[in-house]
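Here is a short note to read beside the model.

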There are 2 protein chains.
Amino acid sequence: MISKVKNAMSSLVGGMIPHGHHHHPQQHGSAQNGGTDGLPPRFPYSRPEFLDLTQELLQYSTEHASRPVITLKRDSRLPWRTGYAEVINAGKSMLNEDQASCELLYIRKMSSKQQRCSISARLQSLKFILREILFNSIPMHFWGVFDGHAGSGAALMASKLLQRIIRDRLCDVAHLLENQNSPPPICLAKNGSPFQAEVKKGACLDGEEQDGLLDEPRFHMEKDISVESLVMGIIETAFRQMDDLIEKEKESFNISGGCCSLIAIHLLGKLYVANAGDSRAIIVRNNEVIPMSNEFTPESERQRLQYLGFLKPELLGNEFTHIEFPRRIQHNELGKKMLFRDHTMTGWAYKTIVEDDLKFPLIYGEGKKARVMATIGVTRGLGDHDLKVYNSNIHIKPFLSCCPEVKVYNISEHKHGSDDVLIMGSDGLWDVTADRDVADAVSTFLSGREPNDPLRYTLAAQDLLMRSRGVLKERGWRLPNERLGSGDDITVFVIPLAGAELET
Amino acid sequence: MISKVKNAMSSLVGGMIPHGHHHHPQQHGSAQNGGTDGLPPRFPYSRPEFLDLTQELLQYSTEHASRPVITLKRDSRLPWRTGYAEVINAGKSMLNEDQASCELLYIRKMSSKQQRCSISARLQSLKFILREILFNSIPMHFWGVFDGHAGSGAALMASKLLQRIIRDRLCDVAHLLENQNSPPPICLAKNGSPFQAEVKKGACLDGEEQDGLLDEPRFHMEKDISVESLVMGIIETAFRQMDDLIEKEKESFNISGGCCSLIAIHLLGKLYVANAGDSRAIIVRNNEVIPMSNEFTPESERQRLQYLGFLKPELLGNEFTHIEFPRRIQHNELGKKMLFRDHTMTGWAYKTIVEDDLKFPLIYGEGKKARVMATIGVTRGLGDHDLKVYNSNIHIKPFLSCCPEVKVYNISEHKHGSDDVLIMGSDGLWDVTADRDVADAVSTFLSGREPNDPLRYTLAAQDLLMRSRGVLKERGWRLPNERLGSGDDITVFVIPLAGAELET
């Protein structure tokens, strides 16, 4: 993510916050002042495990001058023949702050006596373990793009642990997942079996049942919850758990920065895409674009942020105003009328300028330059617990949300060809290439390749990445049309939706 | 609105809150305990002025047994030949708590010395006034549907004053409205003329301008605001002003209840539809449905309400929990796990039940029976300042919003036939008839009528209304398919989109 955490005010006073990473804790920006100096990193810097980079290649991947595109090795293979490509930024931060994950995990169905997912002492032979996995577990495919800022720590940690947290939470309810038509019980006893509370007959709270008597004795008002909603809720709460874990482990480790988190999970025929940040996922099916995520930025979340500032003005530290103006107000404009909008408005009206309006706006800037409290350009993600406004004691975190928006795509309901794909990318990909162009590019590329080519999707990912990075010319990284390419870290997954069939 | 303010808990303890209206202040539900007894009503109960009902007809309109459909008189005519029909509820409240407005207003362009819209002493002759109106003002068409609850007071007042507040606010900026391509100035001096502050050159806040230098000296970051955004903002702030006025005048008058407010404004070729509540507007064009509003209910605004309860738990008065469960929790379920969701979630997950979860849920019930704090079934509207949870001192108002959502339809960009209409209706219309059915019915009806029939749109409104009211049978008001008709007040406008041309 390019310059996502940068203190706009600091550049006014001539300072630039260096982008720290965990190898150089002394370089941490003043905005990250959690006193982490001296603590060991939670995970050492690396590229995704599935790339299996040697130390030499790891070094090679950080060359800002040439920005080499790193892809999957020719002889390695990801689940569903997933394609992957990445490239480092043009010098914004020393390391590539994007991270990625792709793996197949298993949700083990426990008998009531088994403990969660841990391999008990009884399971000693490899044969027994294999049988357990194959016959007594549900496969879950996981893909994640983690776009870090102000360090690699949070992105590294999330890329390694978030899928495990989700897997463990799903293990707890594994016995409720498989029958999609049988809704999960509303109440569970401690052992996970449904708890049947006594039904109070006639406990009619609303009094005006119009038509339809209830067939069975049950609570008057009882919502039907689907298995799909349960999986969504588990993903949502897992993001929070991941965020809490980062906060907790910061006591013992140096976990720098924060990260936008975009993940996709395939479970029992459905694809769940969860997004917290400004990465993006789209499905391209028959060359048609189906958006699978929305971006969360100061502009898209303006009203939520303003509402929080309005309700809890103490979070603004007497430095910021929750009201938005079309530009900064000058002192000599006091008493004049200026266009404004607050958390309730989408249009603009005039208000008389008072002293309080001279404070710096909570949301300021447009497009990629929009910032929350002049500090951060995304509004959802994991980490950032120590992030403060430059030279102040004002915490940004209360305005950031770790909660994703989850969208569901029913894979099993559609017939997919080998050119139908899910594309996941960090903002570096999308900032310079529009959805439609990405879809056209990937469709054209795939239609020209042999369907059985094992490198098919990785080459497609590489092709997309190149379209956003461009090539180095005298005037910087340029696209074929001479416009600027993305100078940001770029990460791309191209995932065939017929992947499950391709594997068998 | 049927039973929108009713205390679900009170029916548990055997009580029913009577639906008060201003003629019987002693009947005011305990929920409306603002001490208004003895104060005169702000406006006496009546039906919309344009109906011009005699006292006898006014009496007739309140007959719950026959529920007569009231329409425009044969010889009267609304702007744009707007069609209108209304009917009282089936006995829910003594009076029809819906109100409606339809009128043509003028936004007078002031010279800088003139005061806002008031007719100054200089304008004495009728001739002068007429010339002023014709040549120095902008016509604004206004339609409003105000669906009251717990009394008629707020709906009556809003139906008479909201359009004037909007008109006055537009007068203030009349000189900025006509040139749609010239954006309104960001800053105005007190006399309404643009105020040009000194430009600080080089006040570059963001530091990383990538491409494109600024052509003119102007503030580094300055948003372009359209005339359309300005009108939207004026409508949004006018709703707040109206709500504040109700609160203020409650000191001197009895202004009972609250009201959902759905309005449409035609100004300079654009239609602005603003909605706060659960009324609905749709455009039917070439038999295609274009939704022009969203409903605001405990279900659609769940996350906003939960977020407020989460941030300001004191507003819940130790009686309610902001967490949602699929049903009430029993005491013997303490320590068990139950499905829940909070303000961050759309899916559901399990949580261990603690003492605090036994409180009554902030949002409870499904569909039309969903309530905020067991009291109210809509979450936006005007009024309700005294509304409290039954038998408590917990105010509902902080959870209600008086702010509308505004949608814009560019009338002048489309060619409309005489069957293309905007339909506005209170929830009584939509609860039993779906958008698609309303569209089909109105299209079929209009295609069978002479285009020049002056009663064309009023008869269409009456036809729609009858489809939702049904006819009285032994088992109540029934539709042709024997399902229950709406027992609620019903109000319908059918507005031809070619109305401006029809008038000339």
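1. A:Trp80 is buried, with a relative accessible area of 1%. Buried means under 20% relative accessible area, exposed over 50% and partly exposed in between, with a 1.4 Å probe and protein chains only. A:Trp80 sits in the loop between strand S1 (70-71) and strand S2 (83-87) of chain A. Its phi is near 60°, a positive value in a residue other than glycine.

2. The model is predicted: local features need pLDDT of at least 70, side-chain atom pairs count only at pLDDT 80 or more, and totals for chains, interfaces and linings use all residues. Residues are numbered from 1 along each chain as its sequence is written, chains are lettered from A and ligands numbered from 1 in the order in which they are written, and side-chain values use heavy atoms, with hydrogens and water left out.

3. B:Asn391 also deserves a look. Phi is near 60° here, a positive value in a residue other than glycine. Most residues other than glycine have a negative phi. B:Asn391 is in the loop between strand S16 (382-383) and strand S17 (405-410) of chain B. Its relative accessibility is 69%, so B:Asn391 counts as exposed.

4. Next, a helix pair in chain B. Helices (H or I, at least four residues) and strands (E, at least two) are DSSP runs, numbered from the N terminus. H4 (residues 153-172) and H6 (residues 227-249) of chain B pack at about 135°, with axes 9 Å apart. That makes H4(B) oblique to H6(B). Axes are lines fitted to C-alpha atoms, for helices over the stretch in contact, and angles run from 0 to 180 degrees between N-to-C directions. Under 35 degrees counts as roughly parallel, over 145 as roughly antiparallel, 65 to 115 as roughly perpendicular, and the rest as oblique.

5. The contact (heavy atoms within 4.5 Å) of H4(B) with H6(B) has 15 nonpolar, 2 polar and 2 charged residues. Ala, Val, Leu, Ile, Met, Phe, Trp, Tyr, Cys and Pro count as nonpolar, Asp, Glu, Lys and Arg as charged, and the others, Gly among them, as polar.

6. Chain A has a helix pair too. H9 (residues 435-447) and H10 (residues 456-469) of chain A pack at about 140°, with axes 10 Å apart. H9(A) and H10(A) are therefore oblique to each other. Residues of H9(A) in the contact include A:Val438 and A:Phe445, and those of H10(A) include A:Tyr457 and A:Asp463. By class, this contact of H9(A) with H10(A) has 9 nonpolar, no polar and 3 charged residues.
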